[in-house]
Amino acid sequence: MPSVILRDTKLQGNIIEKDSITIDGIIVGDIKAEEVIINKNGNITGSLTADNNIEIGGQVTGDLSSDRIHLNSSAKVRGKLSHRNLVVDEGAQLEIASLTRKK
Amino acid sequence: MFFKSDKKSQDQVHGFSHLGENLFFEGEIDCKGEIEIAGKVKGNIKAKKLRILETGSIKGLVQAENVEVLGYMVGNIESVNIHIGNKGVVRGDLRFESNLSILEGADISGHVQKNKKEKTKRSDTDKVKYLEHNKIAS
């Protein structure tokens with residue numbers, strides 16, 4: 001079962017998850033997972049590294065690295081992005097440097 | 001800003017947080033609601049309700065209102081209610097205020113102590129009742 005962190009929960013420290021992780025809470029620390037989904041109330045201070053997919057609907061301050069990165073319209077992101085595929089929805093607030101890796 | 005992201009009205013959280021069995025976390029957890037742990041956690045946990053599932057493993061101090069240990073726990077537990085399941089393993093002290101239940105098969109080594117946190121309050125109210133009673137009697 002994938003991990004879910006709701007918005008009443010705050011974690012301070014690094015997370016390593018071999019499965020998917022969905023976050024709606026506050027995280028101070030780095031996250032490594034197969035898939036990272038940050039929902040609207042999610043607030044991350046730290047870098048995100050995913051094997052397959054990162055989806056952001058909340059706030060992230062830190063670097064993002066994944067095959068596919070999707071920034072939703074409610075995303076606020078500050079940091080460096082490394083990806084093969086990047087999708088940015090209208091309305092996302094960004095302060096990013098982005099690098100597309102070669103296939 | 002341009003969109004309505006600050007909704008303070010949705011204070012209620014439905015459901016509970018879940019840390020899956022493939023998760024490893026090192027650090028502090030502070031949960032104002034319910035959290036379920038099936039993975040490995042190294043660090044202190046504060047929660048209203050904490051459930052350590054059979055695959056779950058915790059090293060650290062737990063402070064909560066309700067704790068259910070069905071998995072592996074190294075460290076002290078401070079809680080109002082503590083429940084240890086039949087496959088629960090605890091290496092550490094259990095300090096509880098109201099209820100402790102341990103199922104047959106649980107493996108525990110550590111001190112078990114009932115803390116009376118409301119003792120002062122209770123004795124105060126008892127005293128008041130006693131004084132009131134004396135007033136009526138005289």
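Modeller: Two strands count as paired if DSSP finds at least two bridges between them; helices (H or I, at least four residues) and strands (E, at least two) are DSSP runs, numbered from the N terminus. This is a predicted model, in which local features need pLDDT of at least 70 and side-chain atom pairs count only at pLDDT 80 or more, while totals for chains, interfaces and linings use all residues. Residues are numbered from 1 along each chain as its sequence is written, and chains are lettered from A and ligands numbered from 1 in the order in which they are written.

Colleague: What pLDDT does chain B average?

Modeller: The predictor's confidence in each residue, from 0 to 100, is its pLDDT. Over residues 5-9 of chain B this value stays under 50, and the model has two contacts there beyond four places in sequence. The scores for the model are ipTM 0.89 and pTM 0.81. In chain B, 82% of the residues score at least 70, and the average pLDDT is 87.

Colleague: How many strands does the secondary structure of chain B have?

Modeller: Chain B has 138 residues, of which 30% count as buried. A residue is buried if 20 or more other C-beta atoms lie within 10 Å of its own, exposed if 12 or fewer, and partly exposed in between, with C-beta atoms placed from the backbone. The secondary structure of chain B comprises one helix and, as asked, 14 strands.

Colleague: Which element gives the most residues to the side of chain B that touches chain A?

Modeller: Residues are in contact if their C-beta atoms, placed from the backbone, lie within 7 Å. On that basis, 25 residues of chain B are in contact with 24 residues of chain A. The elements giving two or more residues to this side of chain B are β1 (17-19) and β2 (23-31) of chain B. With nine residues, the element that gives the most is β2(B).

Colleague: How many charged residues are on the side of chain B that touches chain A?

Modeller: The classes are nonpolar (Ala, Val, Leu, Ile, Met, Phe, Trp, Tyr, Cys and Pro), charged (Asp, Glu, Lys and Arg) and polar (the others, Gly among them). This side of chain B has 12 nonpolar and nine polar residues, and its charged residues number four.

Colleague: Which residue of β2(B) does A:G13 stand opposite?

Modeller: Strand β2 (residues 9-17) of chain A and β2(B) run antiparallel and are joined by nine bridges. In this pairing, the residue of β2(B) opposite A:G13 is B:G27.

Colleague: Is B:A64 buried or exposed?

Modeller: B:A64 lies in strand β8 (residues 62-69) of chain B. Beyond four places in sequence, its contacts are B:K46, B:A47, B:K48, B:K49, B:L50 and B:S79. The C-alpha atoms of B:A64 and B:K48, 16 residues apart along the chain, are separated by 5.1 Å. Because B:A64 has 22 other C-beta atoms within 10 Å, this residue is buried.

Colleague: Why does A:V77 count as buried?

Modeller: A:V77 is placed in strand β11 of chain A. Leaving aside neighbours within four places in sequence, A:V77 is in contact with A:I56, A:V60, A:L71, A:L94 and A:I96. A:V77 is buried because the number of other C-beta atoms within 10 Å is 24.

Colleague: Which residue of β13(A) does A:L81 stand opposite?

Modeller: β11(A) and strand β13 (residues 93-100) of chain A run parallel, joined by eight bridges. Three bridges also join strand β8 (residues 59-61) of chain A to strand β11 (residues 76-83) of chain A, again in parallel. In β13(A), the residue opposite A:L81 is A:S98.

Colleague: Which residue of β14(B) does B:L94 stand opposite?

Modeller: Strand β10 (residues 77-84) of chain B pairs with strand β12 (residues 94-102) of chain B in the parallel sense over seven bridges. β12(B) pairs in the parallel sense with strand β14 (residues 112-114) of chain B over three bridges. The residue of β14(B) opposite B:L94 is B:V112.
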